[in-house]
Amino acid sequence: MIKDSNYKRFKKQMKSKITVKQARLIVFIIILPVAFVLFSKILAYVNKDSVTAQQFVDLQQGDSNFPSFRRAHAKGICLAGIFESNGALGQYSTASVLQAGEFNFIGRFSIAGNSPTAPDLKAPVRGLALSIKDESSTNSEWRIAMNTPPVMAVATPEAFYAQLQALAPDPDTKQRDPSKIEAFFANHPESKTFLEWKDGYTPASSLAGETYHSINAFYLLDEAHNEQAVRWQAVPSLESSIIPQLNQENPDALQDQLAQMLEVAPIKFDLVFTLALPEDDETNPTVLWPSTRETITAGTISIQQYTAQTVGECANINFDPLVLPKGVEATADPILRARGSVYAESFRRRALEALLGENE
Amino acid sequence: MNKRKAIKYYPARSRLLHWSMAILIISMLLVGLSMVESLAVWQPVALDLHRSFGFLLLVMVIVRLINKYLTPRPRLPKKLPAYQVLAAKITHTALYAAMLLMPLSGWLMQSADGRTITVFNTFNLPHLIDANIKAYAFFREFHGYMAWLLIIMIVMHVLAALYHGLIRQDRVLTSMLYSKKPK
Ligand code: HEM
Ligand code: HEM
Ligand code: HEM
């Protein structure tokens, strides 16, 4: 607080005509605009050339308009079953669902893309999401969203945003621009492992026959808080003789086939964890760890029931991979850490649409 | 609440609560608005702190309301026009309401998404309601709009405080700043 007497002396020295009262009035009037401008300048500086979660979801949903559906992986089918944990990872993590036992899960098979009516067989990527819970303990829920590629093409959300922009069809011609795509990958040599995988990949003839990868790495934490970086994959255990023929004309070919298979028997995957060594980079989702790394099978995912996603419980879940049980933590992988706010934005939009009944 | 004795300044514990909460709430608003947009690696850490400090603020506002009931407060200047007294009363009540509703809607929103909140990595909060996407939508939007209402109210409140301090030059601003007995 400036004393009035100081002010008066100051005023005399300056021979100014402004009275103390006027000075105070001026301060009062300008303080808010000044604070506001300063603040927005600082914000603009901090956020320069960064992409927001809202821009990301805008790009992913594009001009497709399907209220109350996911903005990515919009098409899918709800699953329910049991995770039979063998406890082999119990020494690495205190997570209750990694101790020996049987735990219920809700899951979802999906295909990449923003349309819930897209043809099953056209999608380049397929996904498997799980929410595994130990009903007898709090903070035990593990939400997992896995995809068919073992790696990302790029290592940061900004680069992934640019990748989606390069892959997006031209708004007028509805065609992708191959030169744009080529230029993008040429500018991003880190996409090499991804492109090699893509060249060698043939989609399985069933959702139950794919291998789904965590892609991002996580830490398992034991009692003493020792960290072990891991990735995992869901490996199908499937006898090819029981896979019904796919109808190539049917837009829901994969879902209908899945329904047929579940009439007969549960669909099973082994959840296989790869343990990193200290020299492996757990924060870069474009790089595979050497194939010689130790793997441990944590248990079997046994899918027993399916429900259409319009009525099933999985529609109400945000499979945010940062919802982790005690005993599992996120690495500093920039892709992994960006997923939380983007999934939340997609979830926020579709939740509001569900509340307002815009899906009817 | 006829405890308004003729004191000129807020007692120290009231000022401590007011200023610590003011700093925390303004930080919560800034962190909240940044983290819902951010894709940065610190985002999950910020979210975690947001939830923990949010719960702390819920506890603090309850303590503050109890303190308000038990503690004498300075009277507003007698010369103050009646409409300004009323405006002050309404804003203060609304600020208390917002200080309760912000953390409550945040907690409810997280329960409706089935999430367990762990406060400062030490203990888990119970779920207030079962997971439900429509309840999530309601409390998520409520939390977002309430935040903007709170920002508007804080701007009004701070402007009013500065108006007292700079223009009217009465004891209202100093009553929240100092403890010294008047000279
Ligand atoms: C920065 C990178 C990524 C972004 C921005 C992103 C964005 C999204 C969004 C917005 C959704 C819809 C969420 C909802 O409304 O519930 C989604 C779903 C999904 N994402 Fe990602 N994603 C990213 C990386 C990944 C990675 C690395 C994987 C696989 C390991 C993955 C697998 C999935 C799956 C399987 C789903 C569907 C989950 C379900 O069935 O509900 N995503 N993604
Ligand atoms: C005084 C207390 C609080 C204040 C002032 C506050 C403020 C905010 C603000 C300004 C936002 C951004 C809203 C938007 O942009 O729409 C936000 C988001 C959020 N708040 Fe709070 N909050 C408070 C307490 C809490 C508590 C106690 C929790 C949970 C326990 C919580 C959980 C969240 C979450 C999860 C989000 C992000 C939602 C999303 O990503 O979609 N908040 N908060
Ligand atoms: C820099 C910012 C702030 C300034 C300069 C300020 C100033 C003041 C002053 C001078 C008073 C006393 C008013 C009176 O005696 O009637 C007061 C009271 C109060 N302030 Fe603030 N304040 C600030 C921030 C906040 C914030 C962020 C909140 C809450 C969100 C808040 C909530 C309150 C409440 C509820 C009262 C009434 C206390 C009572 O019960 O008597 N203030 N503030």
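## Chain B: overall layout

Read along the sequence, chain B runs α-α-α-β-β-α-α, that is, five helices and two strands. Helices (H or I, at least four residues) and strands (E, at least two) are DSSP runs, numbered from the N terminus. The model is predicted: local features need pLDDT of at least 70, side-chain atom pairs count only at pLDDT 80 or more, and totals for chains, interfaces and linings use all residues. Residues are numbered from 1 along each chain as its sequence is written, chains are lettered from A and ligands numbered from 1 in the order in which they are written, and side-chain values use heavy atoms, with hydrogens and water left out.

The C-alpha trace of chain B spans about 55 × 30 × 30 Å along its principal axes. Of its 183 residues, 44% count as buried; buried means under 20% relative accessible area, exposed over 50%, and partly exposed in between (1.4 Å probe, protein chains only). Among the contacts in chain B with a separation of 6 or more, 74% come from residues 24 or more positions apart, a contact being heavy atoms within 4.5 Å.

B:L24 lies in helix α1 (residues 12-35) of chain B. Its C-alpha is 18 Å from that of B:A12, twelve residues away along the chain. Neighbours within four places in sequence aside, B:L24 is in contact with B:F53, B:L56, B:L57 and B:M60.

Helix α2 (residues 43-70) of chain B holds both B:R51 and B:D48, three residues apart, about one turn of the helix. Their side chains meet in a salt bridge (3.9 Å, N to O); the term requires a side-chain nitrogen of Lys or Arg within 4 Å of a carboxyl oxygen of Asp or Glu. B:R51 is partly exposed at 21% relative accessible area, and B:D48 is partly exposed at 30%.

## The interface of chains A and B

The contact takes 38 residues from chain A and 33 residues from chain B. About 3,200 Å² is buried between the two chains, with carbon and sulfur atoms giving 62% of this area. Buried area is the accessible area (1.4 Å probe) that two parts lose on being put together, summed over both. In chain A, the residues that lose the most area to chain B are A:F28, A:R337 and A:R348, together 21% of what that side buries.

Across the interface the rule finds three salt bridges and eleven residue pairs in polar contact (both at pLDDT 80 or more). A polar contact is a pair of N or O atoms within 3.5 Å; within protein, one must be able to donate a hydrogen and the other to accept it, and residues adjacent in sequence count only if both atoms are side-chain atoms. On the side of chain A that touches chain B, the elements giving two or more residues are α2 (20-46), α3 (53-61) and α8 (334-355) of chain A. Of these, α8(A) gives the most, with twelve residues. By class, this side of chain A has 23 nonpolar, seven polar and eight charged residues. Ala, Val, Leu, Ile, Met, Phe, Trp, Tyr, Cys and Pro count as nonpolar, Asp, Glu, Lys and Arg as charged, and the others, Gly among them, as polar.

## Salt bridges

The structure holds 16 salt bridges over all chains. One of them joins A:D58 and A:R349, with the closest N and O atoms 2.9 Å apart. This pair links distant parts of the chain: A:D58 is in helix α3 of chain A and A:R349 in helix α8 of chain A, 291 residues apart. A:D58 is partly exposed at 39% relative accessibility, whereas A:R349 is buried at 18%.

In another, A:R293 pairs with A:D280, the closest N and O atoms being 2.5 Å apart. Both residues lie in the loop between β8 and β9 of chain A, 13 residues apart. A:R293 is buried at 13% relative accessibility, and A:D280 is buried at 8%.

## A:S131 and its surroundings

A:S131 is in strand β3 of chain A and counts as buried at 6% relative accessibility. Its side chain makes a polar contact with the side chain of A:E141 (2.8 Å). Neighbours within four places in sequence aside, the residues in contact with A:S131 include A:N104, A:W142, A:R143 and A:F319.

## Positive phi in two loops

A:H225 has a phi near 65°, a positive value in a residue other than glycine. A:H225 lies in the loop between β6 (218-221) and β7 (227-237) of chain A and is exposed, with a relative accessible area of 57%.

B:N121 is not a glycine, and its phi is positive, about 60°. B:N121 lies in the loop between β1 (118-119) and β2 (123-124) of chain B and counts as exposed at 67% relative accessibility.
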